[in-house]
Amino acid sequence: LTTLVTFEGVFELAKVLRGEGPREHHLEELELEPLNYAVVRLGEEKAYYYPSRRAAFEAPLQLAVHLLKTTSLSLLVYPRYADQARAARRALAPWTGRVKFLEKPTDFLSLEFHAALVITGGGTMAVEAALLGTPAVSTYPGRLSVFEYLKSRGAPLYQLPLSRDKLGLLAR
């Protein structure tokens, strides 16, 4: 016999709370300054649930380019696939000195905590960042109940459409 237990909460909160807290040595390794960079995670373009493969890649990338053009922030880009990495490197080539690419997983909670902004094509990193108090923008085109739950409680979590003025104000 299976019992279904529901709760009003967010799964990612367990990950945020069980950690050792944010650490700065990851920033030093990547030569990043706290609050002087944005994390960009490209969308899951090969997933069945993403309605537009093109939008999964292009929407976060367009926000990244906007930040590079309008702020002095550096970007830390974490592509999901080798072909995404190649395409993103080409698109962001004019800003090579301000863009770093992550090649492997790392302590994202620390990177999210110290970031000025997190942009992601998905949900998990946006939820984690918002729980840490870091403004997060998800370009995922659907509505997720966890997003609505966090936004209703004042978390700094945003979705498209988002005015360029609003985006400029989000980077803390």
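Predicted model: local features only at pLDDT ≥ 70, side-chain atom pairs only at ≥ 80, totals over all residues.
Local features required a pLDDT of at least 70 and side-chain atom pairs a pLDDT of 80 or more, while totals for chains, interfaces and linings use all residues. Residues are numbered from 1 along each chain as its sequence is written, and side-chain values use heavy atoms, without hydrogens and water.

The axes (lines fitted to C-alpha atoms over the stretch in contact, with angles from 0 to 180 degrees between N-to-C directions) of helix α3 (residues 53–70) and helix α4 (residues 82–91) come within 11 Å and cross at roughly 40 degrees. Helices are DSSP runs of H or I with at least four residues, and strands are runs of E with at least two, numbered from the N terminus. The contact (heavy atoms within 4.5 Å) involves Arg53, Phe57 and Leu61 of α3 and Asp83, Gln84, Ala87, Ala88 and Ala91 of α4.

Eight salt bridges were counted, each defined as a side-chain nitrogen of Lys or Arg within 4 Å of a carboxyl oxygen of Asp or Glu. In one of them, arginine 23 pairs with aspartate 107, with the closest N and O atoms 2.7 Å apart. Arginine 23 lies in the loop between α1 (12–18) and α2 (25–30) and aspartate 107 in the loop between β3 (99–101) and α5 (108–114), so the bridge ties together parts 84 residues apart in sequence. Aspartate 107 is buried, with a relative accessible area of 14%, whereas arginine 23 is partly exposed at 29%; buried means under 20%, exposed over 50%, and partly exposed in between (1.4 Å probe, protein chains only).

Glutamate 45 forms a salt bridge with arginine 53 at 3.4 Å between the closest N and O atoms. Glu45, Lys46, Arg53 and Asp83 are linked in a salt-bridge network.
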